[in-house]
Amino acid sequence: MSRFVNLVDLFQHLSKNTWERIGDGYELSISQSEETLTDNNLLEIKRSGLKNIHIVKFNKPKEALYGIDWEWWIGSQRNGWIKFAVQAKKIYVPSKSYNTLDHKVKGRLQLDILDEYARKSQAVPLYCFYNYLLDTEPILKPFWRDCTDLFTPTEFGCTVTPSSIVRQALIVKQKKFEFIHQQRQTIPLYCLGNLGCIFKFRNNFDNFMIHGNLPSHIKYSLQTDVPLREIEHEFPKMHFEIRNDSDDELPKRRNNVNNGEFSKVSVMPKRILVINFGENDYYD
Ligand SMILES: [Zn+2]
């Protein structure tokens, strides 16, 4: 039995949980990182007991890779699947801004990596924002464009927006909560727990398409519950050359620090999530 009625209910819980964690982390000086918040949401999903949401287990390849945070497959075997490539971003509470929106990995804009990955793998590129605001009422009211008429600040804990909105934000040099959430394309995460909402917002999404089937490696994992050992070959080939001496979030290889030396990396998601609105049958 699940304590959640459905996915919308679970996603509202994730939003509330994220909101409160960032808030408490800020008040109590135990900062919650993007990674921590994502892992915690993952745990909450696992704990939910909902039968139609699955996390695909896989072992990360050894080589250094760029990672996008999530890959989400939402749909059903009968009606097909929509694929999302997702980058998470946490708000910086004092300035209400996303300071790492223009983050570069090995000299390349993270946004460009996400967009290229999404294009090559026919996924919708999305940003998922983890939010908390100190003063909510005056700020949030005008931005609320939920599918219901409820106004609950904690439902802003997790919001999603197409990557094109982040690109606009960078062009006009705006990294603030207000700018992102003024855009009508920015919606609460829980809308993705509802196929009706996804289709309502489909024109906002780049690369929106229905995939006829889940990839075989994901189906295999869901059928067997065996962690995938080697899945890198399943991802779109997106190798590009990078400078070994540039700043990045990966540990530097000390034995390979020649300035200007290049090596190749490939991109894959750190986590894969499958949300099944159909029968829980992956065998057909
Ligand atoms: Zn909605």
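Two residues are in contact when they have heavy atoms within 4.5 Å of each other. Leaving aside neighbours within four places in sequence, Trp72 is in contact with Ile82, Lys83, Phe84, Val86, Leu126, Leu189, Leu192 and Leu273. The structure is a predicted model, in which local features need pLDDT of at least 70 and side-chain atom pairs count only at pLDDT 80 or more, while totals for chains, interfaces and linings use all residues. Residues are numbered from 1 along each chain as its sequence is written, and side-chain values use heavy atoms, with hydrogens and water left out.

Trp72 also belongs to the largest nonpolar core, where Trp72, Phe84 and Leu192 have the most contacts. A nonpolar core is a set of buried Ala, Val, Leu, Ile, Met, Phe, Trp, Tyr and Cys residues joined through side-chain atoms within 4.5 Å. Buried means under 20% relative accessible area, exposed over 50%, and partly exposed in between, with a 1.4 Å probe and protein chains only. The largest core has 69 residues. Its largest share, 7 residues, comes from helix α1 (residues 7-27). Helices (H or I, at least four residues) and strands (E, at least two) are DSSP runs, numbered from the N terminus. A second, separate core has 11 residues, including Val56, Trp81, Ile218 and Leu222.

Next come the aromatic rings. A pair of such rings is described by the distance of the centres and the angle of the planes. Rings of Phe, Tyr and Trp (its six-membered ring) pair if their centres lie within 6.5 Å; planes under 30 degrees apart count as stacked, over 60 as edge-to-face and the rest as tilted. This rule gives 8 aromatic pairs. Trp70 and Trp72 form a tilted pair, 6.0 Å centre to centre with 55° between the planes. Trp70 is buried at a relative accessible area of 4%, and Trp72 is buried at 6%. The rings of Phe84 and Phe205 have centres 5.5 Å apart and planes at 80°, so this pair is edge-to-face. Phe84 lies in strand β3 (residues 80-90) and Phe205 in the loop between α7 (195-200) and α8 (216-224), 121 residues apart. Both Phe84 and Phe205 are buried. Together with Phe199 and Phe208, they form one aromatic cluster.

Helix α3 (residues 110-120) is largely enclosed by the rest of the structure, because 8 of its 11 residues are buried. Among them are Leu111, Ile113, Leu114 and Tyr117, and also Asp115 and Glu116. Just after α3, Gln122 takes a positive phi of about 55°.
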